[in-house]
Amino acid sequence: MGQGDTILPRVPLTTTGVFLHLLKSNIGPGCLSLPHAFSMIPYSTSIPVFILIALITGFNSLKLDKLALLGESYSNLGLRVLGPRGGSVVNYSIAVQQLGVCTVYFSFVADNVTKLWGGGNERFVMTAMLPVCLMFVYVKSLKQIEKLSMVATFLLFLCLGGLVVMGIMEPTEDQPDFVKPDFTQEALAFSTILYSFEGACLVIPCRNGYGKHDDKPPFATVYVAAITVVSMTYLCFAVFCIYSFGPVDDGSITAFLVERDGSDVVIMLINCAIALTVVGSYGLQFWPVKEIVRADSITLAVRTEGYDAVKDVVERDDSYSGLEDDDDGSASSTSSGEIEGKAWKTEVALIVTTFMIAMVVPNVGLMISLAGSLAGTMSAVILPSLLDLEGGDGNKILNCVLIGTGVVFMIIGAGSSVAEIVSSF
């Protein structure tokens, strides 16, 4: 890269592109784990809870769209509204949420692939997946992976359609039984449902990539359309799977069917395709973390070398919101390539960290529950309400209720998930 190149260039997304990114950032392992979540709790509870979580997630995401300035990242929004400490809390929350999602991706793919072999070493599959995930550090804009999202979304819906056809043609005789209420199972199920809306932190990056143009519909319109499709897909798919395949006891419906049906060619092909779409979506889920890492790299360069040394990079990079220019505008002495190299090292370390956590806790169902309760609650419920409470004009009582509910749920859900993980060893 040249000296004046930006490390995160502004490349606008099309309406179709942002719609597909919003779809694919949500529909993934979370969707395929919903039949398991709905199997753990009474059916009279699962549907109302799902609808409530979907409404809260969508409502809070629209808050972010309203609060954030065009081109402003999630972390910079937190810095502007909550101050330096608040900005750090937002950064850590986003990083934990997205790295949790990325960790689940390792566990999910390993669970699906090993089921094809009738068992096997899940950690071997994760190790083989690692080099592919590391390649996503070279992605410099969401536009670069727009076509990948298009292919992955098409393939994913094709697989979901295949599962529906299987359920219609070969329904199970094991109809779902009434599930007795159980506090721990309900907490795990609610956490899984919350995790399924795993694209919460990608709302602002997608909005920034989309921009604001007179010849395109507003981002809020595109988002509402996308989250409606996502929610309807989730609900219909989860209910259909339970009544077609019976109670599901695996965090992946495709892995469950492979284990149940053995060498059925169709389900094995669907399982392979699902695994490929998840691997291909790793870069999209890692993108918010990349924005934070790049912004922090620039901030460090400004503090150690001065604003003028990195002026070109600061002025061209949307992820940075820092010091004002008080110099004489002399040429930049630190290239974006140097900053990029430092950022790459951090990104590689974070990807390897998600890999190592998945190696320790390979159970995909428990990983999804933990990620949903701990990180999903913070990024989708607590933070948007807190930002709106401090910097918006929303209903203060409603925001306080959402924050309090989110904190209680996070503690209960995370505690239940950790207890199940410890007991699994």
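Me: What should I keep in mind about the numbering and the values?
Reply: Residues are numbered from 1 along each chain as its sequence is written, and side-chain values use heavy atoms, with hydrogens and water left out. As this is a predicted model, local features need pLDDT of at least 70 and side-chain atom pairs count only at pLDDT 80 or more, while totals for chains, interfaces and linings use all residues.

Me: What is the mean pLDDT of the chain, and where is the pLDDT below 50?
Reply: pLDDT is the predictor's confidence in each residue, from 0 to 100. The chain has a mean of 79, and 83% of its residues reach 70 or more. Over residues 1-9 the value is below 50, and that stretch has 33 contacts in the model beyond near neighbours in sequence (a contact means heavy atoms within 4.5 Å). Residues 320-333 are also below 50, with 31 such contacts.

Me: How many helices and strands does the chain have?
Reply: There are 16 helices and 0 strands. Helices (H or I, at least four residues) and strands (E, at least two) are DSSP runs, numbered from the N terminus.

Me: Why is α1 called largely enclosed?
Reply: Because 9 of its 12 residues are buried, and buried means under 20% relative accessible area (exposed is over 50%, partly exposed in between; 1.4 Å probe, protein chains only). Among the buried residues of α1 are V18, L20, L22 and L23, as well as H21 and K24. In α11, the buried residues include I267, I270, I274 and V278. Across the chain, buried residues make up 58% of the 425 residues.

Me: Why does Y92 count as exposed?
Reply: Y92 has 62% relative accessibility, so it is called exposed. This residue lies in helix α4 (residues 74-116). From Y92 to S75 is 17 residues in sequence and 9.1 Å in space, C-alpha to C-alpha.

Me: What makes a group of residues a nonpolar core?
Reply: The members are buried Ala, Val, Leu, Ile, Met, Phe, Trp, Tyr and Cys residues joined through side-chain atoms within 4.5 Å. The largest one here has 100 residues, of which F38, F106, I253 and Y282 touch the most other members. Helix α9 (residues 219-245) gives the most to this core, with 13 residues. Leaving aside residues up to four places away in sequence, I253 touches L32, P35, L163, F237, C241, F245 and V248. A second, separate core has 18 residues, including L64, A68, L387 and L389.

Me: Why is the pair D65 and R207 called a salt bridge?
Reply: A salt bridge is a side-chain nitrogen of Lys or Arg within 4 Å of a carboxyl oxygen of Asp or Glu. The N to O distance for D65 and R207 is 3.2 Å, within that cut-off. D65 lies in helix α3 (residues 43-67) and R207 in helix α8 (residues 203-210), so the pair ties together parts 142 residues apart in sequence. Both D65 and R207 are buried. The structure holds 5 salt bridges.

Me: Which residues are linked with E347 in a network of salt bridges?
Reply: K290 and R294 are linked with E347 in this network. The closest N and O atoms of K290 and E347 are 2.9 Å apart. K290 lies in helix α12 (residues 282-305) and E347 in helix α14 (residues 336-360), so this pair ties together parts 57 residues apart in sequence. For R294 and E347, the closest N and O atoms are 2.5 Å apart. R294 also lies in α12, so its bridge to E347 in α14 ties together parts 53 residues apart in sequence.

Me: How do you know whether K290, R294 and E347 are buried or exposed?
Reply: K290 has 1% relative accessibility and therefore counts as buried. E347 is buried, at 0%, and R294 is buried, at 0%.
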